[in-house]
Amino acid sequence: MVSANCIYGTHLHRRAEQGVPISSFGYSGSLGPSNWASLNPNNSACALGKNQSPIVLPQLITTDSGSATNNNNDTSSNSSIISILSKPPQIKFFSTSTSTSGEGEGEGEGGDSEEGLLLENLGTTIQVVVNGTMILVERDGNGNGNGNETEFQLRQFHFHTPSEHRIGDEFFVMEMHLVHERVSDGTIAVIAIKFELTIDGSTTSLLTTIVQNLSSISTPGTSTRITRALDFSQLVTAIQDPDTPIYQYTGSLTTPPCTEGVRFLVVSKPMPLNVATFNAMKRVIKFNSRYAHNIPGEPKLLQLASAGDGL
């Protein structure tokens, strides 16, 4: 059986008709990231790929005009590979996990459907199956955000603790991946949202609702229906905020088979998360963060380590 991973539910890994598959990889020992390529012949990119994710993103600086740009003094910065999205994507969530017709569409709340959204424990993460759309305005020939619109369909979202991407080497306690497929050719695009612990106890309400259902999926391979509406309004606001820069680069899946050509949109500003919600989520998710790789195109860390073994 093919192990469950971050593209579960896309055309690259169709959903099982029955049951929830449990991941055959892990994050510790011989099942961990440094050995993923040995677990399955299809995982060769995990060791040999040159455009792997996650990566350490450069710290942003604000110009005199108020716009954000890469910090040129940051040696990890490479503006030809990592850029700032010219316009925030337009994103919508649908109310049901089974319909793709757009019926029940909502800007903020993923309202109550007859069955409710499906919440699953894959063994290496928890995932919510939800439909939605994302519209990206591509750059034109002059590099401006006035090009054609590209439509993506949301398939699911899942979580990593701690965050997989770092900014200026700063990590965050959790990262959410909203996995999309481009309608025209199936290209995978992932919106990555980081979470930061709050001092005042404020939190993202969508996560509160998810936590209320975690007791039903405490065991890997289990699932449940979220019957209460998920409130996506805070996510929509964060993603579409014109004052919040969004990093853009092309990397890979952060789980086996580490397929490359994945488009990452990493929201620079973290969302709020209180301690109780975080503790409840990490007890089920546990540690599931792949190590950061070199900037795409640079030598692979595993290859460098292998070369060092011969010294």
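I began at His293, whose side chain makes a polar contact of 3.1 Å with the side chain of Arg290. The model I am reading is a predicted one.

**His293**

I looked up where His293 sits and found this residue in the loop between α5 (275-285) and α6 (301-309). Ile55 is 238 residues away along the chain, yet the C-alpha atoms of His293 and Ile55 are separated by 5.0 Å.

**Thr254**

Arg290 turned up again in my list of residues that Thr254 touches. Leaving out residues up to four places away in sequence, that list also holds Cys6, Trp36, Ser53, Pro54, His160, Glu164, His177 and Phe264. With Glu164 I found a polar contact between side chains, at 2.7 Å. I placed Thr254 in the loop between β16 (246-252) and β17 (260-267). Its relative accessible area is 2%, and I put Thr254 down as buried.

**The disulfide**

I searched for disulfides and the structure holds 1. Cys46 and Cys258 form this bond, with their sulfur atoms 2.0 Å apart. I read the torsion about the S-S bond as about 90 degrees, so I recorded the disulfide as right-handed. Cys46 lies in helix α2 (residues 45-48) and Cys258 in the loop between β16 and β17, so the pair ties together parts that are 212 residues apart in sequence. Cys46 is buried at a relative accessible area of 1%, and Cys258 is buried at 0%.

Definitions and conventions: Residues are numbered from 1 along each chain as its sequence is written. This is a predicted model: local features need pLDDT of at least 70, side-chain atom pairs count only at pLDDT 80 or more; totals for chains, interfaces and linings use all residues. Side-chain values use heavy atoms; hydrogens and water are left out. Helices (H or I, at least four residues) and strands (E, at least two) are DSSP runs, numbered from the N terminus. Buried means under 20% relative accessible area, exposed over 50%, partly exposed in between (1.4 Å probe, protein chains only). A polar contact is a pair of N or O atoms within 3.5 Å; within protein, one must be able to donate a hydrogen and the other to accept it, and residues adjacent in sequence count only if both atoms are side-chain atoms. Contact means heavy atoms within 4.5 Å. A disulfide is a pair of cysteine sulfur atoms within 2.5 Å.
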